[in-house]
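Subject: Structure for your review

Dear colleague,

Please find the structure below, followed by an account of what was found in it.

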Amino acid sequence: MLQTEFKFTLPKGLYLDGELHQQGKIKLLTAKDELVIQDFANHNPHIDVVFCVLAQAIAQLGSLTKVTPQQLEQLFLPDFLYFQSLFSQLQPQNLDPSGEL
């Protein structure tokens, strides 16, 4: 069975409204996710697309079941770099036509 969600723990954590959000789940993105990201990015040109992609990929962060790109802009740099590394490991970029790495 294909695993589509993965648990993570941020090095520092996202601090919002007096609450620290450090553990969560990130999911593999689908074609539908890509459409959501494009739509959001088109309607919010002031937000970097990287934050849009991460917001769509994060299935849960602490008590948050949905994170926004605006919230992710508040990440500490070690957490942002952690997410970039984790995302690149989980979202294979170099698949051959059969879907193999």
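A residue is called buried under 20% relative accessible area, exposed over 50%, and partly exposed in between, with a 1.4 Å probe and protein chains only. By this rule Tyr15 is exposed, because its relative accessible area is 52%. Tyr15 belongs to strand E1, residues 5-16 (strands, E, are DSSP runs of at least two residues, and helices, H or I, of at least four, numbered from the N terminus).

The model is predicted: local features need pLDDT of at least 70, and side-chain atom pairs count only at pLDDT 80 or more, whereas totals for chains, interfaces and linings use all residues. Residues are numbered from 1 along each chain as its sequence is written, and side-chain values use heavy atoms, without hydrogens and water.

Three aromatic pairs are present in the structure. Rings of Phe, Tyr and Trp (its six-membered ring) pair if their centres lie within 6.5 Å; planes under 30 degrees apart count as stacked, over 60 as edge-to-face and the rest as tilted. Phe8 and Phe83 have ring centres 5.1 Å apart and planes at 75°, so this pair is edge-to-face. It joins distant parts of the chain, with Phe8 in strand E1 and Phe83 in helix H4, 75 residues apart. Phe8 counts as buried because its relative accessibility is 4%, and Phe83 is buried at 0%. For Phe51 and Phe80, the centres are 5.4 Å apart and the planes at 35°, so the pair is tilted. Phe51 lies in helix H2 and Phe80 in helix H4, 29 residues apart, and both are buried.

Yours sincerely
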